[in-house]
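Let's walk through this fold together, starting with a sheet and ending with a pair of helices. Please keep the structure open as you read.

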Amino acid sequence: MKFLISLVVFLSALTLHAKTANFIFCMEGSPSSFNPQLVSDGVSMNSSSQTVFNRLVEFKPGGTEIISGLAESWSISKDKKTYTFKLRKNISFHSNEFFKPSRNLNADDVIYTFKSQMDTKHPLAIPAANYEYFKAMELDQLISDVKKIDLMTVVIELKHPEAPFLADLAMDFASIQSEEYAQSLIKSGKGLKTLETNPIGTGPFVFKSYQKDSTVKFTANEKYFKGKPQIENLIFVIVTDSTVRAQKMKSGECHVMSEPQPQDIESFSKNVKLKVLSTEGLNVSYIAFNTAKKPFDNLKVRQALSMAMNQKSYLDVIYKNQATAAKNPIPPTMWSYQKNTIENKFDVAAAKKLLAEAGFKDGFETELWTLPVSRPYLPNGKKLGEMVQADLLKIGVKVKLVTFDWPTYLEKSKKGEHQMIQFGWTGDNGDPDNFMNVLLGCSAVQAGSNYARWCHKEFDTALQNAKEDSVIKNRTAFYQKAQNIFSIEKPWFPIAHARQNKVMSANVVGYKIDPFGHDQFESVSLK
């Protein structure tokens with residue numbers, strides 16, 4: 001009898017901790033690139049930096065605390081301008097069918113990772129690459145040098161103190177690349193563009209294949225320095241239609257699904273085969289006015305359009321009870337949020353009057369680009385577009401709705417080809433700079449992440465002052481000043497701060513909601 005009981009206990013434990021052969025993540029869109037240096041969207045980050053790569057420092061899973069990554073330790077000089085990192089030993093890079101590393105990670109890889117983004121003339125910089133995120137964060141202007149002290153020690157020198165810098169290094173664009181792999185691609189004639197299609201990193205999963213608009217496949221990294229993941233084969237299945245994703249989730253075809261529709265949360269919660277994790281989202285959704293194009297360079301036009309859009313109806317119809325109204329470019333859960341900025345005012349008569357004062361008594365024709373995929377900050381871009389279209393027609397503005405596939409949408413919007421555009425953001429490091437500077441700073445216009453193409457000197461000066469001051473009280477004052485300017489100038493119509501909901505099979509173990517909106521699977525398994 002005791003033997004039978006022991007056998008049952010043993011088999012139960014074995015089942016609980018058994019390797020998960022295939023794990024299916026139903027994802028909302030196709031990645032635009034597998035090089036995390038070149039992307040700023042969650043789909044591409046999940047498919048590259050969060051699976052294939054590591055960074056010098058990383059965020060503790062499920063939180064914002066900075067912990068060691070590829071650097072086992074670090075120190076910061078008294079003047080806060082010199083950061084010294086001691087690298088872990090015996091960290092292996094992945095292999096693929098045309099590359100086998102001959103050495104482990106060392107200082108040369110770190111130097112290559114950053115210097116190739118700092119200098120477009122660097123011999124290993126990707127031709128014509130914009131390195132959007134690196135430049136939007138102004139790191140090309142901040143970092144003066146990256147130096148090797150010895151094989152396992154790297155020093156990064158800054159031109160001036162930068163309060164969020166260490167957190168910046170935990171972000172996706174700072175994923176450490178293999179210098180040896182880049183050199184081998186040049187020697188073999190494959191070229192550095194291969195970094196976008198066949199990534200090599202040190203992360204928990206090894207990239208195997210990508211079938212466009214269908215699947216991305218990974219296998220567990222046998223040599224992962226944190227221990228081999230429980231999942232043997234990680235498969236991202238691309239399902240752009242949220243209704244189809246929900247059906248697949250309910251039928252058991254997915255273990256985790258991305259971006260559930262707000263109206264489906266209640267039914268998911270009642271399904272005993274599923275579970276829902278939920279938390280406040282560190283995000284914002286908005287409609288950006290391209291201020292580089294007429295008539296959006298006219299403040300009265302932007303004010304009129306903002307007054308004509310019924311924000312409450314958008315929240316009621318699109319978000320149900322899964323979001324709060326936005327008025328600032330940062331969410332209310334973030335420190336330095338300015339409570340005193342004025343709420344969006346819905347007033348059609350006043351909007352018509354302002355439009356007439358701006359010289360558009362009879363309105364005008366324009367375009368609104370609508371999101372082609374569900375995002376954490378905006379679950380249904382098409383429906384929002386239709387509601388905005390109906391609202392603006394009431395003041396004589398005729399809106400044509402336009403959309404593209406997700407990679408094309410990203411590419412064209414970075415070039416500023418739009419007039420009005422739906423977008424949003426989920427924070428990447430917990431700092432207000434990551435919202436306001438990346439999305440609205442002057443340097444972000446050229447980098448491509450400032451979709452309003454709006455450069456306001458007083459606003460930008462406040463952001464620069466906030467970055468260089470390490471005192472939270474002072475930084476808060478600068479960011480609140482910037483929010484006041486934003487509220488007056490209206491480069492965006494802010495829409496909502498959405499709750500973050502994750503739906504998964506009831507037998508998924510170890511999944512944690514990431515505050516930055518990533519989906520991470522290195523510690524996940526199935527019961």
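In this predicted model, strand S5 (residues 82–87) and strand S7 (residues 153–158) pair in the antiparallel sense, with five bridges between them.

Four strands make up an open sheet, and reading across it gives the order S4-S5-S7-S6, with antiparallel pairing. Which strands stand at the edges? They are S4 (71–76) and S6 (143–150); each has a single partner strand, so one side of each is left without a neighbour in the sheet. If you ignore direction, neighbouring strands of this sheet are turned against each other by 20° on average. Helix H3 (residues 107–118) packs on the sheet, where it touches S5, S6 and S7. The direction of H3 makes about 165° with that of S6.

The axes of H11 (residues 311–319) and H13 (residues 381–393) come within 10 Å, crossing at roughly 150°. Angles over 145 degrees count as roughly antiparallel, and H11 and H13 are therefore roughly antiparallel to each other. Their crossing is right-handed.

Which residues meet where H11 and H13 touch? From H11 come Ser-313, Tyr-314, Val-317 and Ile-318, and they meet Lys-383, Leu-384, Met-387, Val-388 and Asp-391 of H13. Sorted by class, this contact has six nonpolar residues, one polar residue and two charged ones.

How values were computed: Residues numbered from 1 in each chain as written. Predicted model: local features only at pLDDT ≥ 70, side-chain atom pairs only at ≥ 80, totals over all residues. Heavy atoms only, no water. Axes fitted to C-alpha atoms, helices over the stretch in contact; angles between N-to-C directions. Helix = DSSP H or I, 4+ residues; strand = E, 2+ residues; numbered from the N terminus. Parallel < 35°, antiparallel > 145°, perpendicular 65-115°, else oblique. Left-handed = near helix turned anticlockwise from the far one by under 90°. Contact = heavy atoms within 4.5 Å. Nonpolar A, V, L, I, M, F, W, Y, C, P; charged D, E, K, R; others polar. Pairing = 2+ DSSP bridges.
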